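Subject: Structure for you to look at

Hello,

Here is the structure I promised. Please open it beside this email and follow along.

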Amino acid sequence: MNAFRGKRFVLGVTGGVAAYKTAELSRLLAKAGAEVDVVLTEAGSRFVGAVTFQALTGHPVWQSLWDDRIGNGMAHIELSRGAAALLVAPATADFLARLAHGLADDLLTTLCLARDCPLLVAPAMNRQMWENPATQRNVVQLRADGISILGPATGEQACGEYGIGRMLEAPELFDELHAFLQPKVLAGKRVLLTAGPTFEPLDPVRGLTNSSSGKMGFALARACVEAGAEVTLVAGPVTLATPHSVCRIDVRTALQMREATLQNLPGQDVFIGVAAVADYRPRSVEAHKIKKSAGPRALELVANPDILAEVAARNDAPFCVGFAAESQDLEKHAEAKRIGKKLDLVVGNLIQDGLGSDTNRITLFAADGAHPLLPADKAELARQIVAFLAARMEKSRA
Ligand code: C5P
């Protein structure tokens with residue numbers, strides 16, 4: 001499913017060195033099947049020339065308010081008509097200020113004011129310029145005006161300083177546009193997820209855990225945000241970055257995961273248990289490091305609570321989704337889990353197809369049978385799971 005094919009984007013480029021990243025972004029968009037029209041300001045053209053953008057997008061670049069290539073001479077009106085979005089990247093401090101005040105003294109600002117499509121901006125500037133109260137005031141105003149602000153990121157800056165103000169990288173902007181294009185099928189919904197492994201300590205340095213990477217749970221959290229949901233993610237010990245706008249609660253053990261889940265459950269519309277929760281924990285945790293001793297050593301384990309089953313059994317249970325990672329007989333085990341734990345949906349996969357990897361092959365098990373999805377990367381699968389569960393929720397309400 002290619003969200004970009006057949007869509008047209010207008011890329012506005014203002015005067016910042018990050019304009020070279022926008023050249024790459026225009027290439028990524030064109031390669032994904034999108035049409036790209038570039039609008040270059042006078043200052044922008046000092047960093048990357050029009051010929052570069054023309055070669056990358058296959059379209060002539062727009063630079064002047066007085067351009068007469070559009071029949072009615074109104075490039076500032078026509079260019080945004082029918083566009084999926086207008087993205088200004090890089091957006092300088094000066095550009096943000098002019099936008100916040102509705103100035104319209106060149107093609108790009110006029111286009112923004114007369115636009116007929118959503119507007120996103122990717123700020124790029126020195127950290128002091130970004131942190132300056134005037135810029136921050138303008139950003140608050142732009143957000144209030146419904147303009148999406150992408151980034152900026154923190155890192156090394158072209159001026160040699162370190163701090164916030166770097167424009168997002170081209171692939172990150174591409175991902176942001178991809179997210180922006182997703183249908184908002186979970187708008188107004190609240191979703192709670194668990195993800196990652198748990199770690200059950202034996203002593204201060206050792207413990208029982210598993211090799212779950214957390215990637216699928218994090219991808220799902222992100223997909224839920226993209227679909228418009230308010231998302232809380234209870235994460236076991238993983239080193240993954242928190243997806244944008246997700247409220248993350250870090251835990252280590254199954255008992256902590258259960259507590260965080262139950263605490264955050266009231267008011268949730270959906271619960272998705274993606275975590276590979278340890279089924280057992282050591283009966284006791286040694287206060288000091290266990291010393292080596294001759295001969296075998298027994299470890300006594302006690303069962304952990306099944307978080308998902310407990311949530312699904314409640315009278316006020318939200319729409320419950322579970323995962324079944326099996327090494328064999330996927331259908332049999334996944335169905336047993338769906339029925340046994342009273343789940344609305346089970347996402348099943350064979351361990352050899354997905355563990356730790358960025359891709360997976362999954363089948364969705366619902367009351368009406370098995371729905372296999374084509375193998376894809378976890379981000380794409382997550383979007384398909386979200387589309388499926390949103391449709392089911394809608395159906396069960398009707
Ligand atoms: O029974 P099994 O562990 O295979 O079930 C997997 C599903 O149950 C996953 O969705 C997992 O997140 C959830 N689970 C849980 N608490 C446990 C064990 C599994 O929430 N203690």
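First, the ground rules. This is a predicted model, where local features need pLDDT of at least 70 and side-chain atom pairs count only at pLDDT 80 or more, while totals for chains, interfaces and linings use all residues. Residues are numbered from 1 along each chain as its sequence is written, and side-chain values use heavy atoms, with hydrogens and water left out.

**The ligand**

(Ala, Val, Leu, Ile, Met, Phe, Trp, Tyr, Cys and Pro count as nonpolar; Asp, Glu, Lys and Arg as charged; the others, Gly among them, as polar.)

Now the polar contacts (pairs of N or O atoms within 3.5 Å). A polar side-chain atom of Lys337 lies 2.4 Å from an oxygen atom of the ligand. A backbone N or O atom of Leu308 is 2.9 Å from a ligand oxygen atom. For Ile307, a backbone N or O atom lies 3.0 Å from a nitrogen atom of the ligand.

On its own, the ligand has 440 Å² of accessible area, and the protein covers 85% of that. (Areas come from the Shrake-Rupley method with a 1.4 Å probe.)

(Helices are DSSP runs of H or I, at least four residues; strands are runs of E, at least two; both are numbered from the N terminus.)

**The pocket**

Where does the ligand sit? It sits in the largest pocket, meaning that more than half of its atoms lie within 2 Å of the pocket's grid points. (On a 1 Å grid over the protein atoms alone, a pocket is an open set of points where a 1.4 Å probe fits, with protein on both sides within 12 Å along at least five of seven lines; lining residues have an atom within 4 Å of a point.)

This pocket holds about 940 Å³ of space, a volume filled by probe spheres set on the points. Its lining has 44 residues. Strand 16 gives the largest share, four residues. By class, the lining has 23 nonpolar, 15 polar and six charged residues.

**Backbone points**

The peptide bond from Ala89 to Pro90 is cis, with omega near -5°. Pro90 is in strand 3 (residues 85-91). Gly151 and Pro152 are also joined by a cis peptide bond, with omega about 0°.

Best wishes

Notes:
A polar contact is a pair of N or O atoms within 3.5 Å; within protein, one must be able to donate a hydrogen and the other to accept it, and residues adjacent in sequence count only if both atoms are side-chain atoms.
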